[in-house]
Amino acid sequence: QLQDPLVIMTGNLPNWLAEISNAAPFLFPFDTRQLLFYATTFDRDRALMRLQDNTGDNGTTDSTDRVAPRLDRRRKQVSRTELLKQAEKVMEDIGNSRALLEIQYENEVGTGLGPTLEFYALVSKEVQKSDLDLWRGDGIKEKSAIGEDEEILYCYSPCGLFPAPLPRNAKAAAINKVKAKFKFLGKFMAKALMDSRMLDIPLSLVFYKWLLGQEHSLTSSDLQHLDPVVAKSFQQLEDVLHQKQRILTDKSHTDESQQLALESLTMDGCSIEDLDINFTLPGYSNIELKKGGQDITVTLDNLEEYLQLVVHWSQVEGVSRQFEAFREGFEEIFTLSTLQSFYPEELEQLFCGNKKEMWDVKMLMECCRPDHGYTHDSRAVNFLFEVLSCYDDVEQRQFLQFVTGSPRLPVGGFRSLNPPLTIVRKSFEGTENPDNFLPSVMTCVNYLKLPDYSTIDIMREKLTVAAKEGQLSFHLS
């Protein structure tokens, strides 16, 4: 059904397609459900664009060539200073427009795909700033993503970001500020997905469960996706609770032996009372799990209630206002129910593109296209593939950001980059030495203009300099 462009062009996809993929997503590979999502969720032109991307250049038939998608484009100009504020204004301005958003930066000539992808990547980083107080996690100092020299604290969590809980008695102004940011994030993520733009936000699996409306099925085992340290001590306390329940249901005990057994229950050699825990949320002493919780000590008798409240406050009560705001923003663009054919574990791929992949020479040869002065046999092209195949994660991200505008590849990795990475020869006047020049790029078509360097070491050095220096501005190259 999905391979027939006519069915998509005439909007005649049968209803049972979406119904089956929602009811039994396990029957279909991720790529098929992703194509179906684009074919049924948005407009005909986006469906056609996606179909053409999926079939690649060779697969296009005459009929799709004749009916090229004609998407309206809305170009917005933004300044690189205060980018988050600018992004909030852009999202407000586009309302629920179906047009394809394109970004241009003030005082830069570049337009089109590169600056737009970079905008989504940079704003993704901006919402991770620690001073916004949006996320659980530790502050990690990094150089500012917007190119200023100062170091900035970004929020980091080893298992992905999840909203920091809000106390019940938080001031209205603070709550509204946080809710406004989450509403913006919802709209921003929905728009990125609608326009097939990749985000660069590592979100927790529990965040994606909320996105799919699965918050009522969260259990204590989901705590490991929020805070592994809290999850570990939580599990030890749960073990004590299970031992207590076993003792209470053991019919062979007399009253005395039962009492002795209960008194001998410890965690790391301490009785529960000696641990000196009170009814506040671990890591957030200002959040009481119940009224007067700071003055109530956790004992063996109320341990079960304490554990239930920790799970409820961490994953539901403390974050429900943020997720309500997020959903409200998201649904201004399209409804969340259309994501039901995906599993929580797949949503990161859907929003953020490809997971890490090894770049080896064989894969790069298959996926990249030499042109205008280079062939697959050219020395420079072989040097390039050898250099790229040795890159670590950070170098891969820098190179991708330099060449495409985004630090991430779409789902399917290099094979799915559209248009494919094209390597062309950078030409010079007769007497000029290519070794003195840096490579340059055209991000809108994923073009790398590569001088024919004399050695692989010179190429490695020049690529590193270009990828580091050639960020954060789009000019003619």
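Student: Is aspartate 200 buried or exposed?

Tutor: Aspartate 200 counts as buried, at 9% relative accessibility. Buried means under 20% relative accessible area, exposed over 50%, and partly exposed in between, with a 1.4 Å probe and protein chains only. This is a predicted model, so local features need pLDDT of at least 70 and side-chain atom pairs count only at pLDDT 80 or more, while totals for chains, interfaces and linings use all residues. Residues are numbered from 1 along each chain as its sequence is written, and side-chain values use heavy atoms, with hydrogens and water left out.

Student: What does aspartate 200 meet in a salt bridge?

Tutor: Its partner is arginine 408, at 3.2 Å from N to O. A salt bridge here is a side-chain nitrogen of Lys or Arg within 4 Å of a carboxyl oxygen of Asp or Glu. Arginine 408 is buried too, with a relative accessible area of 15%.

Student: Which residues do salt bridges with shared partners join into one network?

Tutor: Asp43, Arg46, Lys191 and Asp195.

Student: How many salt bridges are there in the whole structure?

Tutor: The search finds 30. One of them pairs arginine 33 with glutamate 346, with the closest N and O atoms 2.7 Å apart. Arginine 33 is in helix 3 (residues 30-41) and glutamate 346 in helix 14 (residues 344-352), 313 residues apart. Arginine 33 counts as buried at 3% relative accessibility, and glutamate 346 counts as buried at 12%.

Student: And arginine 73, what does that pair with?

Tutor: Glutamate 102, in a salt bridge of 2.8 Å, N to O. The pair links strand 1 (residues 73-78) to strand 2 (residues 100-105), 29 residues apart. Arginine 73 is exposed, at 52% relative accessible area, whereas glutamate 102 is buried, at 10%.

Student: Switching to the core. Which residues touch the most other members?

Tutor: In the largest nonpolar core, of 89 residues, they are Phe119, Leu303, Leu339 and Phe351. A nonpolar core is a set of buried Ala, Val, Leu, Ile, Met, Phe, Trp, Tyr and Cys residues joined through side-chain atoms within 4.5 Å. Helix 8 (residues 172-194) gives the most to this core, with 11 residues.

Student: What does phenylalanine 119 touch?

Tutor: Leaving out residues up to four places away in sequence, phenylalanine 119 touches Leu83, Ala87, Leu101, Ile103, Tyr105 and Phe188. Contact means heavy atoms within 4.5 Å.

Student: Last topic, helix 10. How many residues does it have?

Tutor: Helix 10 (residues 228-249) has 22 residues and reaches 31 Å from first C-alpha to last, close to the 32 Å expected. The expected span is 1.5 Å times one less than the number of residues.

Student: Which of its residues are buried, and what covers them?

Tutor: The buried ones are Val230, Ala231, Phe234, Leu237, Val240, Leu241, Lys244 and Ile247. Their cover includes helix 11 (255-263) and helix 12 (303-317).

Terms used
Helices (H or I, at least four residues) and strands (E, at least two) are DSSP runs, numbered from the N terminus.
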